[in-house]
Amino acid sequence: ALSPLLAGLGPLAALADGFYRSGALVFGGGHIVLPLLEAETVARGLVPADAFVAGYGAAQAVPGPLFTFAAFLGWMAEGAAGACVALAAIFLPGFLAVAGALPFWAAIRARPGARAALMGVNAAVVGLLLAALYDPVFAQGAATAGGAVTALAAWLALVEAKLSPVIVVAGAAALGQGLAWAGLG
């Protein structure tokens with residue numbers, strides 16, 4: 001409740017507020033946070049849109065939770081201190097929720113109404129994941145002919161050629177840069 005009030009204390013406090021609120025609204029999958037993080041960074045002018053999409057692509061190439069993408073965004077916005085603040089702030093709501101709910105989890109799961117509500121939330125998460133896939137990932141990443149070609153090539157490399165995601169991301173970055181240099185990106 002105090003997070004928005006503390007946001008006025010400076011850029012790092014504002015960054016912490018935005019990432020804390022984004023982390024608090026995520027349930028079931030980190031990809032749902034993409035539109036929230038975009039609103040907190042790109043829309044506020046802290047991170048360029050192309051850097052956001054590139055950072056998301058890089059985050060997909062490494063193992064671990066998507067929330068580590070927050071460290072990249074924090075770095076882009078406020079340097080090393082911003083990376084630390086953003087990473088801590090986005091994980092904090094989950095840690096607090098686990099600490100607060102764990103003693104009551106068995107009782108909550110035993111209630112049919114609670115189980116039904118969680119099933120409904122899980123269904124909504126699937127819809128939100130599709131929305132996050134479309135915007136910003138597809139809408140920005142494939143908005144140009146070069147971006148669409150790069151996305152199709154990456155998909156074919158992953159699905160048909162079964163290449164490593166690390167190789168696909170590196171190849172897509174090289175292809176995208178080459179298309180941009182050629183004026184096609």
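What share of the contacts in the protein between residues at least 6 apart in sequence join residues at least 24 apart? I looked this up first, and the share is 57%. For contact I used heavy atoms within 4.5 Å.

**Ground rules**

I am working on a predicted model, where local features need pLDDT of at least 70, side-chain atom pairs count only at pLDDT 80 or more, and totals for chains, interfaces and linings use all residues. Residues are numbered from 1 along each chain as its sequence is written, and side-chain values use heavy atoms, with hydrogens and water left out.

**Overall layout**

I counted secondary structure and got nine helices and zero strands. Here helices (H or I, at least four residues) and strands (E, at least two) are DSSP runs, numbered from the N terminus. The pattern along the sequence reads α-α-α-α-α-α-α-α-α. The C-alpha trace spans about 60 × 40 × 25 Å along its principal axes. I then checked burial: 29% of the 185 residues count as buried. Buried means under 20% relative accessible area, exposed means over 50%, and partly exposed is in between, with a 1.4 Å probe and protein chains only.

**Helix 2 on helix 5**

Two packed helices are described by the angle between their axes and the distance between the axes. Helix 2 (residues 11-24) and helix 5 (residues 69-101) have axes that come within 7 Å and cross at roughly 40°. Helix 2 is therefore oblique to helix 5. The cut-offs are under 35 degrees for roughly parallel, over 145 for roughly antiparallel, 65 to 115 for roughly perpendicular, and oblique for the rest. The crossing of helix 2 and helix 5 is right-handed. A crossing is right-handed if the near helix is turned clockwise from the far one by less than a right angle, and left-handed if anticlockwise. I sorted the residues of this contact by class: 18 nonpolar, three polar and one charged. Nonpolar covers Ala, Val, Leu, Ile, Met, Phe, Trp, Tyr, Cys and Pro; charged covers Asp, Glu, Lys and Arg; the others, Gly among them, are polar.

**Helix 2 on helix 3**

Next I took helix 2 with helix 3. Their axes are 9 Å apart and the packing angle is about 165°. So helix 2 is roughly antiparallel to helix 3. The crossing is right-handed. G18, F19, R21 and S22 of helix 2 make the contact with L36, L37, E40 and T41 of helix 3. By class, I get three nonpolar, three polar and two charged residues.

**Helix 4 on helix 5**

The axes of helix 4 and helix 5 are 9 Å apart, at an angle of about 150°. That makes helix 4 roughly antiparallel to helix 5. This crossing is right-handed. From helix 4, A51, F52, G55, Y56 and A59 meet F69, F72, L73 and M76 of helix 5. The residues of this contact divide into eight nonpolar, one polar and no charged.

**The core**

Which residues touch the most other members of the largest nonpolar core? I found F19, L37, F52, F69, L73 and I90, out of 21 residues in that core. Such a core is a set of buried Ala, Val, Leu, Ile, Met, Phe, Trp, Tyr and Cys residues joined through side-chain atoms within 4.5 Å. Helix 2, helix 3 (34-41), helix 4 (49-61) and helix 5 each supply at least two residues of this core. Helix 5 gives the most, with seven. Leaving aside neighbours within four places in sequence, I90 is in contact with F19, G23, V33, L37, F67 and A70.

**Exposed spots**

P103 sits in the loop between helix 5 and helix 6 (105-109). P103 is exposed too, at 62% relative accessibility. I noted 46 Å between the C-alpha atoms of P103 and A172, which are 69 residues apart along the chain.

Last, I checked backbone angles. Most residues other than glycine have a negative phi. K162 is not a glycine, yet has a positive phi of about 55°. K162 lies in the loop between helix 8 (145-159) and helix 9 (165-181). K162 is exposed, with a relative accessible area of 65%.

How values were computed
Axes fitted to C-alpha atoms, helices over the stretch in contact; angles between N-to-C directions.
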